[in-house]
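This report describes selected residues and packing contacts of a predicted model. Please consult the sequence and coordinates shown here alongside the text.

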Amino acid sequence: MSKTILITGSTDGIGLATAKSLVELGHKVLVHGRSEAKLKDVLKQLSSVAAAEQLFAYQADLSSFAELQKLVAEVKNDHQQIDVLINNAGVFVINDKVTKDGLDTRFMVNTIAPYFLTTQLLDIMPSDARVVNLSSAAQAPLSAQELIQPSVQSDNAVYAKSKLALTMWSRSLALSLGQQGPVIVAVNPKSFLGSKMVEQAYGVAGTDLQIGADILINAALSKEFANATGKYYDNDINRFTAPHPDAEHAEKVATIEQTIIDIIRPYLAA
């Protein structure tokens, strides 16, 4: 059965590889990117393997709450239901480290925007829908205060903190929704894949992106992940495993999630 699947950050890297595979499988894919030119190029690429009714494109800068609001509104206007949300978009090395809303861009894109999108699209996601959050093997403890104020720490440090925070709220939101769904799972797609992010951060070409795309597709569609809500999958070891200890620390998780809720509250529709 064809699914309607939104993939953020799908104009290059793992996101694009995943989008290509999913349209080839016959699914309706909603590609997202920050660049209009890249989106047009991706639509051109995908149109060679997909019917026009399978493809939708959405332009939005995920560091902006105004553009996140617009993205949610456009998706809801175009689609009655979203079966899978893959929160793939992420940043590592960036020049503009502070958003227009005064937040750290890295935390905003990697942690807060995915929470905003997930919670704001829940009302058009059935109980058997899935949310696949792109985590990482790189995870580091953080304080709630770090989500509120721009950080002076290195890109490496903030990236690791942002991915732990994402993994923390993935588990928390999944547990709070329970059987009401959707399945929410955090996935490390594999370390040092051949993405632009890896090349910028580490100066290496990386391994085959399709390895990462394949595990995202499994997480989105396979029976293996049907009951995986709240879990963490590490593709470096090819199995579900315990997340960072802080992701299972109830008090720390509650504090992080509540901080994110407080950050996004002023930007929610009345």
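## Leu85 in strand S4

Leu85 has a relative accessibility of 0% and therefore counts as buried, the limit being under 20%. This residue belongs to strand S4. Apart from residues within four places in sequence, the contacts of Leu85 are Leu6, Leu117, Thr118, Leu121, Met125, Arg130, Val131 and Val132.

Val131, one of these contacts, is 46 residues from Leu85 in sequence, yet the two C-alpha atoms are 4.8 Å apart in space.

Thr8 is located in the loop that runs between strand S1 (4-7) and helix H1 (13-24). With a relative accessible area of 2%, Thr8 is buried. When residues up to four places away in sequence are not counted, Thr8 touches His32, Leu62, Ile86, Asn87, Asn88, Ala89 and Leu117.

For Asn88, a polar contact can also be described: a polar atom of the Thr8 side chain lies 2.9 Å from the backbone nitrogen of Asn88.

## Packing of helices H3 and H4

Two packed helices are described by the angle between their axes and the distance between the axes. For helix H3 (residues 65-78) and helix H4 (residues 105-121), the angle is about 35 degrees and the axes are 11 Å apart. The crossing of H3 past H4 is right-handed.

On the H3 side, the contact is made by Phe65, Leu68, Gln69, Leu71, Val72, Val75 and Lys76. On the H4 side, Met108, Ile112, Ala113, Phe116, Leu117, Gln120 and Leu121 take part. By residue class, the contact of H3 with H4 comprises 11 nonpolar, 2 polar and 1 charged residues.

## Aromatic pairs

The structure holds 7 aromatic pairs. One of them joins Phe92 and Tyr159 in a stacked arrangement, with 4.7 Å from centre to centre and 25 degrees between the planes. Phe92 is in the loop between strand S4 (84-87) and H4, while Tyr159 is in helix H6 (residues 155-177), so this pair ties together parts that are 67 residues apart in sequence. Both partners are buried: Phe92 has 5% relative accessibility, and Tyr159 has a relative accessible area of 11%.

Ring pairs also link Phe65, Phe116 and Tyr267 into a cluster. Phe65 of H3 and Phe116 of H4 are among the residues that make the contact between these helices.

## Val158 in helix H6

Val158 is located in helix H6. The relative accessible area of Val158 is 0%, so this residue is buried. Leaving aside neighbours within four places in sequence, Val158 is in contact with Asp104, Arg106, Phe107, Ser151 and Gln153. The C-alpha atom of Val158 is separated by 16 Å from that of Ile260, a residue 102 positions away along the chain.

## Asn235 between strands S7 and S8

Asn235 is placed in the loop between strand S7 (232-234) and strand S8 (239-241). Asn235 has 6% relative accessibility and so counts as buried. Residues up to four places away in sequence aside, Asn235 touches Asn188, Pro189, Lys190, Ile211 and Ile215.

Which backbone atom lies 2.8 Å from a polar atom of the Asn235 side chain? The atom in question is the backbone oxygen of Pro189.

Notes. Residues are numbered from 1 along each chain as its sequence is written. This is a predicted model: local features need pLDDT of at least 70, side-chain atom pairs count only at pLDDT 80 or more; totals for chains, interfaces and linings use all residues. Side-chain values use heavy atoms; hydrogens and water are left out. Helices (H or I, at least four residues) and strands (E, at least two) are DSSP runs, numbered from the N terminus. Buried means under 20% relative accessible area, exposed over 50%, partly exposed in between (1.4 Å probe, protein chains only). A polar contact is a pair of N or O atoms within 3.5 Å; within protein, one must be able to donate a hydrogen and the other to accept it, and residues adjacent in sequence count only if both atoms are side-chain atoms. Contact means heavy atoms within 4.5 Å. Axes are lines fitted to C-alpha atoms, for helices over the stretch in contact, and angles run from 0 to 180 degrees between N-to-C directions. A crossing is left-handed if the near helix is turned anticlockwise from the far one by less than a right angle, and right-handed if clockwise. Ala, Val, Leu, Ile, Met, Phe, Trp, Tyr, Cys and Pro count as nonpolar, Asp, Glu, Lys and Arg as charged, and the others, Gly among them, as polar. Rings of Phe, Tyr and Trp (its six-membered ring) pair if their centres lie within 6.5 Å; planes under 30 degrees apart count as stacked, over 60 as edge-to-face and the rest as tilted.
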